[in-house]
Amino acid sequence: MRRTLTVGGAIAALFISATSAQSSPSTIVAPPDKIVIELATVNGSGCPEGTAAVAVAPDNTAFTVTYSEYLAQVGVGASPTDFRKNCQLNLRVHVPQGFTYAIARADYRGYAYLEKGATAQERANYYFQGMPQTVHKTHPFKGPYNDNWQASDETEVAALVWAPCGEKRNFNINTELRVSAGTSDPKKTTSFMTMDSTDAGISTIYHLAWKECPDPA
């Protein structure tokens, strides 16, 4: 599956909370020209075909991945494999010439209902094609819990992993939701976790840092 996605006016409201890239001697503000992201492949039980989309912020400081069927659950009504859902996105990111980028922060949002004794977790990692994967970052939750949830992965500027200058390498995002019944009774109750929100939109925002590539020799 291959789709080219750019931001439209109707999507702009998603990015009100997007922040500018972190600043340091090695980073600059986002380039004025737009970036284009192609969703090359989507794999995983949490993102069946047609249920994930990508859009770029108007100021090029972030992009959002939107899901519609990302739900992990255990207990009444759940199948044996529903306790874990995952999604791997393979993205082609086209950036303005002379620039490179890194993921500075990722914000995840959703909703969870966990019975007393049940637990859940959200975990993610990110890497460029042909480069080592980053360490998984995990956010745990435990019941009783019945509310929206939010988790952020943030990387210090010195530890940012930059896309290689002058090379086209796909960017991979791996995420996972996992729910465990724990000491709760799965024969009588249901616990679940979803990347969802009160407005029925699943918004995961990835904030970008930018820097200029050195002039070719």
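How many nonpolar, polar and charged residues are in the lining of the largest pocket? I looked that up before anything else.

**Ground rules.** I'm working with a predicted model, where local features need pLDDT of at least 70, side-chain atom pairs count only at pLDDT 80 or more, and totals for chains, interfaces and linings use all residues. Numbering runs from 1 along each chain as its sequence is written, and side-chain values use heavy atoms, with hydrogens and water left out.

**Largest pocket.** I got eleven nonpolar, six polar and five charged residues for the lining. For these classes, Ala, Val, Leu, Ile, Met, Phe, Trp, Tyr, Cys and Pro are nonpolar, Asp, Glu, Lys and Arg are charged, and the others, Gly among them, are polar. The pocket's space comes to about 490 Å³. A pocket here is an open set of points on a 1 Å grid over the protein atoms alone, where a 1.4 Å probe fits, with protein on both sides within 12 Å along at least five of seven lines; lining residues have an atom within 4 Å of a point. Its volume is the space filled by probe spheres set on the points, which are joined across faces, edges and corners. Of the 22 lining residues, Val 95, Phe 99, Pro 164, Gly 166 and Glu 167 are the closest to the centre. Strands β6 (84-94) and β7 are the elements that give two or more residues to this lining. I take strands as DSSP runs (E, at least two residues), numbered from the N terminus.

**Second largest pocket.** I read a volume of about 220 Å³ for this one. Ile 103, Tyr 126, Thr 134, Thr 155 and Val 161 are the closest to its centre, out of 15 lining residues. Here β7 and β8 (119-128) are the elements with two or more residues in the lining. By class I have ten nonpolar, two polar and three charged residues.

**Nonpolar core.** The largest core has 45 residues, and Phe 63, Tyr 67, Leu 89, Leu 91, Trp 149, Phe 171 and Tyr 206 touch the most other members. A core is a set of buried Ala, Val, Leu, Ile, Met, Phe, Trp, Tyr and Cys residues joined through side-chain atoms within 4.5 Å. Strand β7 (residues 99-114) gives the most to this core, with seven residues. I also noted a second, separate core of six residues, among them Ala 104, Val 157, Trp 162 and Ala 209. Leaving aside neighbours within four places in sequence, Phe 171 has contacts (heavy atoms within 4.5 Å) that include Phe 63, Leu 89, Leu 91, Tyr 101 and Tyr 127.

**Aromatic pairs.** I found twelve in the whole structure. Rings of Phe, Tyr and Trp (its six-membered ring) pair if their centres lie within 6.5 Å; planes under 30 degrees apart are stacked, over 60 edge-to-face, and the rest tilted. Phe 63 and Tyr 206 are stacked, because their ring centres are 5.1 Å apart and their planes at 20 degrees. Phe 63 sits in β4 (residues 62-67) and Tyr 206 in β13 (residues 202-212), 143 residues apart. Both Phe 63 and Tyr 206 are buried. Tyr 113 and Phe 192 are also stacked, with centres 6.2 Å apart and planes at 25 degrees.

Terms used:
Buried < 20%, exposed > 50% of the residue type's maximum accessible area, 1.4 Å probe, protein only. Helix = DSSP H or I, 4+ residues; strand = E, 2+ residues; numbered from the N terminus.
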